[in-house]
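Open the model in your viewer and keep the sequence beside it. The tour goes from one selection to the next and says what is found at each stop.

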Amino acid sequence: MDHNRRLPLVYVRGFAGGTGGINKAVDDPFYGFNEGSTHVRVGAHNQPLFHQFESPLLRLLLDEGYELLVKGSQETYLAEHTQIPANTVWVHRFYDRSATTWGGSSQEYGLENAAADLLDLIDRLREKTGAPGVLLVAHSMGGLICRCLLQKVLPDRGRAAADCVAKFFTYGTPHGGITFDLGGGLLERMRDRLGIQGADIFGPRRMYEYLTPQAQTVPGGPPKGWDARRMPEGPGALPLEQVFCLVGTNPTDYDVALGLSAPAVGPHSDGLVQIERAYVPGAQRAFVHRSHSGRYGMVNSEEGYQNLRRFLFGDTRVEASLVDYRLPADDDLVWQAETRLSVRGLPVVMHERLAAHWSPLQLDPPPDGQEVSVPLATTFLNSGLRAETDEPMRFILQLRLISLREQGGFFNLFDHLEQTADFADTLVIDVGTPDAGPEVQGIRATWNSEIEGAIRDHSAAGAPRADEDPAPDRWVAHIRLPATAAPLVGADARIRLVATPWT
C-alpha cells in the first residue's frame, strides 16, 4: 500500500442542537464517525436485511491503512509528538468547549470559532506530518464549518484554501440552507429571527456572514440573487472538482423530532435537507437513497463510504453524459431520464437518480442547431481494488427514458403506464489502466441488450473504443444508443464517456 499518497483526514460532525445535544455529542470519543449500522433495505417486499457496516472510521483503518493516534486525547498526542505519520485520522472536537459536563464554565457555540479552530488543527497536522494539505470529510453542518474555513477564515487571513485542503467530501450538508415545504416561509422567519438553539446558521443571513470574506461583505445582509450553495473559483480557491457532495433522497427513514422533520421539509429531501440544496454547483456529486442520519443514514452506510473511498483514493474518473439527443415535436410531452450506477464487486448502488426518489434528470428540448449535453453520472475507480491485476475496472450505467403527457399544468393519465420506461437498457463499461497489458488498456462499452447470457460472464473482447480526443491523459468516446431509442431521442443520441486520471 502506498502510504505516500495518504494525507491526514479530518472528520467534522454535524449539528447537535442545544446544550443537551452537545453534551451527548461530546460523550462520543469520535463524534459519531465510529458508528456503523446493521440494516440495509435490499430484502424482498421492502424488508430490511442484516448488513454489517463497521463505520467510516474503522473502514478507513482497515481498508486504507490509516492510523488512529490517541493518548488520553488526540490533542495530547499532537502536543507530545513533533512528528506523526501522514496516514492518520483526526476528529475536530469543536463542541467540547460548549459542553457543560466537564465542570467550569462553558462557551457558547459559534460556527466561525469552530472554523478558526479547524484551521489551527490543520496547521498543526501539516507541520507535524509534512503533508501539503488535509482531506476534509464532513456531515451536515460540519460541511458549513469547512466552507467557512475555506471561504472566510482563510481569505480573511490572506491565505489560500488550496494550500491547506486537498479534497473536501460532504454527507448531506445543507449547502443552500434548510427550508420547509410547510408554513409558507413562516418557519424559516421564526428560526432566523429567534435563533433557537443556534439553528439560524441554516438561514441566508447567517450563512452570508460566515461564508463571505470580510472584504467582500456588503451591509444589509446577502445581496439579491446571492446563492449560498456556490463556492468561489479562481486563484487560491479549492477547485470545485476537488469537492464531492453526497446527496440523500430518502426522507421516510429520518425519525428525528418524532418524525416531524421529514414532512416539514418535504419528500424531495433526505428528511432534513432538500435535494436541490444539498450540493455545490459544479462540484462532484452522487445521489443515494439514504436518509440524513439514523440506522438508514448516509454516513453509516456502505453507499456513502464507497463513494468517499473512491473519491479520496481512486485513480480514474469517468464522466458519462447524454449528448446530441432530439425530442419528438410534441409540446405536451415532458421527458425525464433515470440513471443508476454500480461498480463491480460492491453490494450497493453507488448513484441513482429516480423519479420515485424525486431526483430524475429533466430532459429539455435542445436549442435548434446546438449540441446538448446532460451529465448522467460521474464515478471514481480504483485500479488497486480489482480482483485481478490484468482485468479492467467494470461499472454499469443504467439508463431509462420516461415521457409524461402534461396539459394545462396537469398530467394526462389516459395513455399513461406508471413506472414504465419508454426505453431502458444498461451500458456495461470496462476501463483499462495504463499499467495493464495492451489487451486491457482503453475502454470498452457494450449495451446489455447486446450481451448474450449473464453480465457476470461477459468478457470485454476486441479492440477498445477509439480515443476521440488527442489530448494526453484524457480519453473520450461516444456510444450510440440502441436503435430502439431512435424514435424517442433521435438517431444521433449517444453516451459520451470521458476518462481522466484522478489523484
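Start with K167, which is buried (under 20% relative accessible area, with exposed meaning over 50% and partly exposed in between, using a 1.4 Å probe on protein chains only) and yet has no salt bridge. The nearest side chain of opposite charge belongs to E241, 9.1 Å away; here Lys and Arg count as positive and Asp and Glu as negative, while His and the chain ends are not counted. A salt bridge needs a side-chain nitrogen of Lys or Arg within 4 Å of a carboxyl oxygen of Asp or Glu. K167 sits in strand β7, residues 165-171. Helices (H or I, at least four residues) and strands (E, at least two) are DSSP runs, numbered from the N terminus.

The model is predicted, so local features need pLDDT of at least 70 and side-chain atom pairs count only at pLDDT 80 or more, while totals for chains, interfaces and linings use all residues. Residues are numbered from 1 along each chain as its sequence is written, and side-chain values use heavy atoms, with hydrogens and water left out.

**Salt bridges**

How many salt bridges does a search of the whole structure find? The search finds 30. Select R309 and D63, whose closest N and O atoms are 3.7 Å apart in a salt bridge. This pair links distant parts of the chain, with R309 in helix α9 and D63 in helix α2 (residues 56-64), 246 residues apart. R309 counts as buried because its relative accessibility is 11%.

Next, select D123 and R159, another salt bridge, with closest N and O atoms 2.9 Å apart. D123 is in helix α4 (residues 111-129), and R159 is in the loop between α5 (141-156) and β7. D123 counts as partly exposed at 25% relative accessibility, and R159 does as well at 31%.

**Pockets and cavities**

On a 1 Å grid over the protein atoms alone, a cavity is a set of points where a 1.4 Å probe fits but cannot get out, and a pocket is an open set with protein on both sides within 12 Å along at least five of seven lines; lining residues have an atom within 4 Å of a point. Grid points are joined across faces, edges and corners, and a volume is the space filled by probe spheres set on the points.

The largest pocket has a volume of about 1,400 Å³. Of its 40 lining residues, select the closest to its centre: F15, A16, Y254, V256 and L272. Helices α1 (19-26), α6 (186-194) and α8 (261-265) each supply at least two residues of this lining.

Move to the second largest pocket, with a volume of about 540 Å³. A283, R285, E319, P375 and T378 are the closest to its centre among 20 lining residues. Strand β14 gives the largest share of that lining, five residues.

Finish with the cavities: there are two of 30 Å³ or more. The largest cavity holds about 60 Å³ of space, and its lining includes F244, R310, H351 and F380. Helix α9 (302-313) and strand β14 each supply at least two of the lining residues, and α9 gives the largest share, four residues. The second largest cavity, about 30 Å³, is lined by L150, Q151, A161, M231, P232, A237 and L238.
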